[in-house]
Amino acid sequence: MKVINSQLIIIALTSVATMAMVPVLVSSVAANEVTIGMVRVFIACLVLTPLLLWQKRFSGLQRKDWLAMLAIGMVFGLHWWTYFYAIKNSTPSLGALSLTTYGIHLVWINSLISRQKPKLSDVIAILLCFCGCIIVVPSADISHHVTQAFLVGVFSGFLYALLPFFHQRVAHLPTMLRSWGQFSFAGLFFLLFWPQMDWRLSVNDWQLLIILGVVSTLIAHTLWVKASTELPSIVVSAFYYLYIPIAMALSYFFLDEVMTTSKLLGAALIVVSCLLGIILPAMRKTPSG
């Protein structure tokens, strides 16, 4: 059984808090989705590439490994683009909420792949998430621009849920190498939209982009890898969903986003549904005694 100590708790909280800064930072910076994505992957690759070259991690890679990392990077790039779009075209809290539906996507994708009949708790979790999504959007009209942006964010959550299954196919590769592949080929995805990139930004915008790249990408993900590796999976899942209240609080205090009763209720339903979908299966697999 994994031991929980105060240091790991602090690491997990710090990681989630820094990741929760992303919606507010993305909403605040004047750069568009493509520019934000390109800067973030550039900073990540700038640090990871020399380390991997020094460790000679690229030697021995086969064609199928490169193709797998290409697929991971393209899915991750599209995930980031759609997530940034959802934040930019709705609100930071709605963008964050749309992404966290990934927990429910994990439930039905896993059932589909394993060809297992969904359990009652899975069905309840999916229904709760669906209700939460309906409550949290300002309009049920799909032509409403905020509702459209939220749905794009839900699609981003689906892409995010696909990533673990892609990573499992190349689990023999070191984590840092897979992370490099994810970021570098995501950079290739953003390069496809080079004409849309805007580099004429203010000093403040560049400072926000650097914070996004260093704090909310490199530091946050490094800390999260450590926490998620050494903490029990149930604890990790519970900590991850602190992302929502932290992101909503940051948006409320720094961007004056209005937190309506329907938004708070919808957020609660989405978080509870995802926790049900992730934690209950983990508890069923945990032996008693």
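The model is a predicted one, in which local features need pLDDT of at least 70, side-chain atom pairs count only at pLDDT 80 or more, and totals for chains, interfaces and linings use all residues. Residues are numbered from 1 along each chain as its sequence is written, and side-chain values use heavy atoms, with hydrogens and water left out.

Helices are DSSP runs of H or I with at least four residues, strands are runs of E with at least two, and both are numbered from the N terminus.

F150 sits in helix α8 and is buried, with a relative accessible area of 2%. Leaving aside residues up to four places away in sequence, F150 touches L94, L97, S98, C133, V136, V137 and I270, a contact being heavy atoms within 4.5 Å. F150 and Y83 are 67 residues apart in sequence, while their C-alpha atoms are 9.2 Å apart in space.

Helix α2 (residues 21-28) and helix α12 (residues 243-255) pack at an angle of about 35 degrees, and their axes are 8 Å apart. Axes are lines fitted to C-alpha atoms, for helices over the stretch in contact, and angles run from 0 to 180 degrees between N-to-C directions.

On a 1 Å grid over the protein atoms alone, a cavity is a set of points where a 1.4 Å probe fits but cannot get out, whereas a pocket is an open set with protein on both sides within 12 Å along at least five of seven lines; lining residues have an atom within 4 Å of a point. Grid points are joined across faces, edges and corners, and a volume is the space filled by probe spheres set on the points. The structure holds 1 cavity of 30 Å³ or more. The largest cavity has a volume of about 180 Å³, and of its 14 lining residues, M19, W80, Y83, L99 and H221 are the closest to its centre. Helices α4 (63-89) and α10 (203-230) are the elements that give two or more residues to this lining, and α4 gives the most, with 5 residues. The lining of this cavity has 10 nonpolar, 3 polar and 1 charged residues.

The second largest pocket holds about 350 Å³ of space. Its lining consists of 17 residues, with F130, C133, I134, L151 and V154 nearest the centre. Two or more residues each come from α6 (102-114), α7 (120-136) and α8 (145-168), and α7 gives the most, with 5 residues. By class, the pocket lining has 13 nonpolar, 4 polar and no charged residues.

S216, in helix α10, is buried with a relative accessible area of 1%. Among the residues that S216 touches are T18, M21, R40 and H221. V39, in helix α3, counts as buried at 9% relative accessibility and touches W199, W206 and L209, not counting residues up to four places away in sequence. In contrast, K56 is exposed, with a relative accessible area of 64%. K56 is found in the loop between α3 and α4 and has a positive phi of about 55 degrees although it is not a glycine. D256, in the loop between α12 and α13 (261-285), has a phi near 60 degrees, a positive value in a residue other than glycine, and is exposed with a relative accessible area of 64%.

Terms used: Ala, Val, Leu, Ile, Met, Phe, Trp, Tyr, Cys and Pro count as nonpolar, Asp, Glu, Lys and Arg as charged, and the others, Gly among them, as polar. Buried means under 20% relative accessible area, exposed over 50%, partly exposed in between (1.4 Å probe, protein chains only).
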